Amino acid sequence: MELELVSSEKCFNGFQKIYKHCSKVTKCSMKFSIYIPQQTYSGEKFNAIFFLSGVMCNEQNFIFKTGFQRYASRERIIFIGPDTSPRNVDLPGDRDSWVFGRSAGWYLDSTCEPWRKNYRMYSYITQELPEIIRQVFPTTGKFGICGHSMGGNGAIVCSLRNPLLFQTLSVLAPSCNPISWGQEIIFKPYLGSENKESWNQYDAAEVVKTYKGPHKKIFVDCGSDDEYLQLLLPDKLVETVGLNENLEIQLNMREGYNHSYFFVATFIEDHIKYHSAALGNQ
Amino acid sequence: MAGAASLELVSSIKCFNGFQKVYKHVSKELNCSMNFSLYEPVAANPNDKFHVLFYLSGLTCTEQNFIQKSSFQRFAGEQKLIVVGPDTSPRGCNLPGESDRWDFGASAGCYLDALVEPWSKHYRMYSYVTKELPALIKENFPTTGKFGIFGHSMGGHGAMVCGLRNPELFLSISAFAPICNPTQTEWGKDVALKNYLGEENKDKWNIYDSTELMKTYDGPERNILVDQGDDDEFLKTHLLPENLKAAAEANPKIQVNLRMQPGYNHSYFFISTFISDHIEHHAKILNA
């Protein structure tokens, strides 16, 4: 596996980097961002957080618009920001909707043509990328996962289905139950009507219902003025978690905040501190 | 509260307890519609008034880049400062050649008042920043009347020029990777100053060069913070901070704290790393 360094810029003493590689899973060139705090001694290793972004984003938005590096540097945590879909893969219909196709991979493995060859973001996030990170970067091997919006759904799905891989979980304005509104525009084209039972494994609230793994907490922030609140359905997540004794949830509804990166920037410090404390000493 | 006749609220988004707003208005100086950003911290009391910081952005920017990429709002909120971010040039004027270069014309107003046609009718960013916008802010927002000014790159140049030439208005000055001595750079001599001001007006170039201004400055004492990355791709061609430092050292009225930051480049990653220090610098002076 070969990584190409696209850029490296100093930020809060550490380095904000972007890498490019040819993904075996998505079968195309993919970029990811990685923030690495300054090593204070040779051989120092860091815990790592994956941050999954929302629809219409790529690997750039999070690193420029949240100011997270200040807190990642202080808490000494590596942050990885994958892209939100395969890139430079032109498929018919991949730009027809802002919630489907390019920049809207929904962190699932598609089983339908023409998407199934490249749109395998679930395997990318849960298998290929963690392995790359472990091999190449100074990590302890302990990972957490965080996400915004579509990335919130992705973070919950990836963490609950891989609880030993992504040990800590937090989300901002997560899409909690996309199956309730996205059957025609997301699940059917990616996964097919004949596979409806397979849709649940990519929906946060549905995955919560069947979770039987180690006890886990989901730390959630959501703006009370979020323009997408009717689609995000955080109450559904609270309801389903409440019925599962293996899970607990802390939902902070933030008065007056919307869905934007201004909201993410305001609360990202709390999330980083949460992961840092929960992942423990490195 | 904004005066309904003069300002139109474009957006208002909660951020670190305050509100990141963008306003639009028709500028008399620039003869066009202009946007500016304004961060308003949360008021503990209805009659609270705030000191104001102007932030001037660099080449290619609009009023959006700084508010999205620098993460300043946390510190403006903590220090209880209103932060105003004007655009970098007039907009929608459709002048010939205005979009030919990234370093001249649209998004490159250089915070000067042009003397040459066709720029002179619209490209009056110096007067906009030092006269029209401060008056607008005082009239429409809960300010103490005390202002500071800072900026990045071309905006660092603008902040120092506007600050040095208007010491009663801008009480505090700081800059990130500023263009310090444009009359000594190719960009200044062959592009910006030449095309905006004209070769026939070379005697009027120095008033837009902060190094030259420092040589002759005789106003109240100034304490200016400048952060500069030593890995900045524009350091030797455009910025020339060593010239600024030399001019300041020769003038007892001016203290320049030039901090060369090892490994940092020209980007918003550099600005966001040091923004809290700058806001603290201004707060100390404005609160005194």
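## A partly exposed glutamine at the chain boundary

B:Gln68 has a relative accessibility of 24%, so this residue counts as partly exposed. The model is a predicted one. B:Gln68 sits in helix H1 of chain B, which covers residues 65–69.

Beyond four places in sequence, B:Gln68 is in contact with A:Phe64, A:Lys65 and A:Phe262. With A:Lys65 there is also a polar contact: the two side chains meet at 3.0 Å. B:Asn257 lies 189 residues from B:Gln68 in sequence. In space, the C-alpha atoms of B:Gln68 and B:Asn257 are 27 Å apart.

## Chain A as a whole

Chain A has 10 helices and nine strands. The C-alpha trace of chain A spans about 55 × 40 × 35 Å along its principal axes.

Of the 282 residues in chain A, 62% count as buried. Take the contacts in chain A with a separation of 6 or more: 72% of them come from residues 24 or more positions apart. The accessible surface of chain A is about 10,900 Å². Carbon and sulfur atoms hold 47% of that surface. Chain A carries 29 positive and 30 negative side chains. The centres of these two sets are 6 Å apart.

## The S5–H3 loop of chain A

In chain A, a loop runs between strand S5 (77–82) and helix H3 (121–136), and A:Pro114 is found there. The peptide bond joining A:Glu113 and A:Pro114 is cis, with omega at about -5°.

A:Ser103 lies in the loop between S5 and H3 of chain A as well. Its phi is positive, about 65°, although A:Ser103 is not a glycine. A:Ser103 has a relative accessible area of 12%, so this serine is buried.

B:Pro118 is found in the loop between S5 and H3 of chain B. A cis peptide bond joins B:Glu117 to B:Pro118. Omega there is about 0°.

B:Tyr111 has its place in the loop between S5 and H3 of chain B too. Phi of B:Tyr111 is near 55°, a positive value in a residue other than glycine. With a relative accessible area of 0%, B:Tyr111 is buried.

B:Ser89 is placed in the loop between strand S5 (81–86) and helix H3 (125–140) of chain B. Its relative accessibility is 0%, so B:Ser89 counts as buried. The side chain of B:Ser89 reaches the backbone nitrogen of B:Ser107 at 2.8 Å. Leaving aside neighbours within four places, B:Ser89 is in contact with B:Met34, B:Gly105, B:Ala106, B:Ser107, B:Ala108, B:Gly109, B:Tyr123 and B:Met125.

B:Leu112 is another residue found in the loop between S5 and H3 of chain B. Is B:Leu112 buried or exposed? B:Leu112 is buried, because its relative accessible area is 1% and the cut-off for buried is under 20%. Beyond four places in sequence, B:Leu112 touches B:Tyr123, B:Arg124, B:Met125, B:Tyr126, B:Leu193, B:Tyr196, B:Leu197 and B:Tyr208. B:Val256 is 144 residues from B:Leu112 along the chain. The C-alpha atoms of B:Leu112 and B:Val256 are separated by 23 Å.

## A serine in strand S1 of chain B

B:Ser12 has its place in strand S1 of chain B, residues 8–15. Its relative accessible area is 35%, so B:Ser12 is partly exposed.

What does B:Ser12 touch, not counting residues up to four places away in sequence? B:Ser12 touches B:Phe19, B:Gln20 and B:Lys21. B:Leu38 is 26 residues from B:Ser12 in sequence. C-alpha to C-alpha, B:Ser12 and B:Leu38 are 9.3 Å apart in space.

Conventions
Residues are numbered from 1 along each chain as its sequence is written. Chains are lettered from A and ligands numbered from 1 in the order in which they are written. This is a predicted model: local features need pLDDT of at least 70, side-chain atom pairs count only at pLDDT 80 or more; totals for chains, interfaces and linings use all residues. Side-chain values use heavy atoms; hydrogens and water are left out. Helices (H or I, at least four residues) and strands (E, at least two) are DSSP runs, numbered from the N terminus. Buried means under 20% relative accessible area, exposed over 50%, partly exposed in between (1.4 Å probe, protein chains only). Contact means heavy atoms within 4.5 Å. Accessible areas come from the Shrake-Rupley method with a 1.4 Å probe; for residues, only the protein chains shown count as cover. Lys and Arg count as positive and Asp and Glu as negative; His and the chain ends are not counted. The place of a charge is taken as NZ of Lys, CZ of Arg, CG of Asp or CD of Glu. A polar contact is a pair of N or O atoms within 3.5 Å; within protein, one must be able to donate a hydrogen and the other to accept it, and residues adjacent in sequence count only if both atoms are side-chain atoms.
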